[in-house]
Amino acid sequence: MVWTLLAIMVILLVMGFPMLIPLIVAPLVVMLIFFDHLDPMMLAGQLTQGVSAYVLLAVPLFIFAADIMTAGKTSRRLLDFVGAFVGHLRGGYAITTAAACTLFGSVSGSTQATVVAIGKPMRERLRQVGYKDSSSIALIINASDVALLIPPSIGMIIYAHVTGTSTGDLFVAGIIPGLLVFLFFALYAFIHAKVYNIPKVDKVPWSERIRFTWRALLPLGFPVIIVGGIYSGYFTPTEAAGVSVLYALMLEVLIYRSVKLTQIPSIALSTGLVTSAVFVLVAGGQVFSYVIATARIPQMLSEAVLGTDPTALYVLLIIALFFFIGCMFVDPIVVILILTPIFWQPAIAAGVDPVHLGVVITYQAALGSATPPFGVDIFTASAVFNKSYLDVIRGTPPYIAILLFVGLLIILFEEISLVLLYLM
């Protein structure tokens, strides 16, 4: 049964069908062959059920807010602010890129939006101070992974939808892992610049630093409002997404006036296209999850791969491996939708904290999104920078090694994910 399911999916993907078709057709065929007593029309109900959860309203709202700020001046103000304080250090522009990706990730929640908003201006700055294009692009696409960890994270929203875990807890748990990735990238940037003798740039005077800080205050308030509002009880994560849209509109339309009201319909159309793609996958993922649960595939896979009494560490390592490999080939959202229901029960039974599990899964999804052969950020960067596939991936190995190391730390020490929750 499992092999039939996988074979149908692989065949349809090789034939060039979009991911939605294998997600629905493969479970339908398996149901007709192995569960002929079930009504196939039940799958139609699963499609609508998959996108009816209240928490999913946050997805289009966060995407809309990110699109508004990408079209405006938020990313530029964040870049100027970070660059004013660290740009003069050895490897300062690379550190600025990593920091700006982290900060914009706390605004957008999307790795691809971060590649576009931060990558375009920073690529040119990095080239001007002596970085090879391959190194610059590799840094941009891998530093953008942090956007899937730092709240608001679309990947965490999807995980919360699948498992029922608190979205607010997941948002908080992703902060320390995201900052840890930034710190390791900054350390590598310093060493790389020293080894390759990348020249320093002039130090920005304090008068300019104060000016750039003042200009960045409102964008920096975005994550404070989102996370602080959720944990102070003022609004739910979904309501926080609505607040983020209002905040983005106020910044870019009323205060900065970098986005005109006439642009909003086209921005909303872009958001609608992205949202429809996400929701179609979520609906298909619900169908897939329903069939594999009915077929008891999670229990079968658990016994075959995890054994009868696996430890929490072993379960997490296996999960990390499956998600890492899966996201190398398929969109992270699809992998979260397919694999999470399979590994959820074995992980909880082994004593894994559901929030920590969500961080591990989201982290592996983020890592896979920039990993060859088919990481989605690779193709985003290829389109944005007009570079070939090989040019984009040439400089990625050091960053993938760093991300793998940090991922291992997160698996070994769950306190990295949960420490902020302990303090609350």
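Predicted model: local features only at pLDDT ≥ 70, side-chain atom pairs only at ≥ 80, totals over all residues.
How many salt bridges does a search of the whole structure find? The search turns up six. Some of them come up below, along with a few other spots to look at.

1. The protein chain has a mean pLDDT of 83, and 96% of its residues reach 70 or more. Confidence is highest in helix H21 (residues 397–412), at a mean of 93. At the other end, helix H15 (residues 297–306) has the lowest confidence, with a mean of 70.

2. **Asp 80 and Arg 125.** Let's begin with a salt bridge between the side chains of Asp 80 and Arg 125, at 3.3 Å from N to O. Asp 80 sits in helix H5 (residues 74–86) and Arg 125 in helix H7 (residues 111–128), so this pair ties together parts of the chain that are 45 residues apart in sequence. Buried or exposed? Both Asp 80 and Arg 125 are buried.

3. **Arg 123 and Asp 133.** Helix H7 also holds Arg 123, which is linked to Asp 133 in helix H8 (residues 133–143), ten residues apart.

4. **Glu 208 and Arg 211.** Here the side chains form a salt bridge of 2.9 Å, N to O. These two residues are three apart in helix H12 (residues 206–231), which means that about one helical turn separates them. Glu 208 counts as partly exposed because its relative accessibility is 26%. Arg 211 is partly exposed as well, at 39%. While we are on salt bridges, those that share partners join Arg 123, Asp 133 and Lys 387 into one network.

5. **Aromatic rings.** The count of aromatic pairs comes to nine. One of them is Phe 62 with Phe 171, an edge-to-face pair with 6.4 Å between centres and 65° between the planes. Phe 62 is in helix H4 (residues 58–71) and Phe 171 in helix H10 (residues 167–173), so the pair connects parts 109 residues apart in sequence. Both of these Phe residues are buried. Another pair is Phe 322 and Phe 343, whose ring centres are 5.1 Å apart; their planes meet at 65°, so this pair is edge-to-face. Phe 322 belongs to helix H16 (residues 312–329) and Phe 343 to helix H17 (residues 332–349), 21 residues apart. Phe 322 is partly exposed at 29% relative accessibility, whereas Phe 343 is buried at 2%. There is also one aromatic cluster made of Phe 81, Phe 85 and Trp 206.

6. **His 356.** This residue is in helix H18 (residues 354–368). His 356 counts as buried because its relative accessible area is 1%. Leaving aside residues up to four places away in sequence, His 356 touches Leu 316, Ile 410, Ile 411, Phe 413, Glu 414, Ser 417 and Leu 418. A polar atom of the His 356 side chain lies 3.4 Å from the backbone oxygen of Ile 410.

Conventions:
Residues numbered from 1 in each chain as written. Heavy atoms only, no water. Helix = DSSP H or I, 4+ residues; strand = E, 2+ residues; numbered from the N terminus. Buried < 20%, exposed > 50% of the residue type's maximum accessible area, 1.4 Å probe, protein only. Polar contact = N/O pair within 3.5 Å; in protein donor to acceptor, adjacent residues only side chain to side chain. Contact = heavy atoms within 4.5 Å. pLDDT = per-residue confidence, 0-100. Salt bridge = Lys/Arg side-chain N within 4 Å of Asp/Glu carboxyl O. Phe/Tyr/Trp six-rings, centres within 6.5 Å; stacked < 30°, edge-to-face > 60°.
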